[in-house]
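Dear colleague,

Please find below the structure I am handing over to you. My notes on it follow.

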Amino acid sequence: MELRTPPPYDEHWEGLELAVDATHRYLTIEQGSNLRLIAVPVGEERAWGYDFAWCYPRDIVAVMASVAAWDSERQDERTGWHKRPTEARQAPRRDEEPEYNRARCAHGCHLDDGCRTLNCRDEIERLRRVSAGSA
């Protein structure tokens, strides 16, 4: 992944392009009280929508650090986000870091660690399965 320093401003998305890899450009846009990091496909024919997105608290430095620390080839998703409004992403070489790529809830927490959000649907469902003996 190539970090963009300084990050250029994207007129269409009205946000900063923080990084790019072989398949996506990673831009941050303002969404209410969040910053949303979006994965826009590379190439003109698909550049008008995004495949994946993650919401963060409004702290651009933390988002930039999260993107800089992320290995998009081996890690499904970066850390620090608190909401995922799209489907979960799977890295092409995710089997190289299975500990990092464990199942997550919609709020970004690894399910086997539990969720920090009250009444998380994924956490409630996991606890139901555990109590039924099928986890």
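How many of the six residues of strand E3 (residues 15-20) are buried? Five of them are, where buried means under 20% relative accessible area, exposed over 50% and partly exposed in between (1.4 Å probe, protein chains only). Strands (E, at least two residues) and helices (H or I, at least four) are DSSP runs, numbered from the N terminus.

This is a predicted model, in which local features need pLDDT of at least 70 and side-chain atom pairs count only at pLDDT 80 or more, while totals for chains, interfaces and linings use all residues. Residues are numbered from 1 along each chain as its sequence is written, and side-chain values use heavy atoms, with hydrogens and water left out.

Strand E3 runs antiparallel to E1 (residues 2-3), with two bridges, and glutamate 2 stands opposite valine 20. Two strands pair if DSSP finds at least two bridges between them. E2 (residues 9-10) is also joined to E3 by two bridges, antiparallel, with tyrosine 9 partnered by leucine 16. Four antiparallel bridges link E3 to E4 (residues 24-31), including the pair glutamate 17 and leucine 27; three residues connect these two strands in a hairpin.

Histidine 110 is found in the loop between H1 and helix H2 (121-132). Histidine 110 counts as buried because its relative accessibility is 14%. Leaving aside neighbours within four places in sequence, its contacts (heavy atoms within 4.5 Å) are Tyr100, Arg102, Ala103 and Arg104.

Valine 61, in helix H1 (residues 60-69), counts as exposed because its relative accessibility is 59%.

Kind regards
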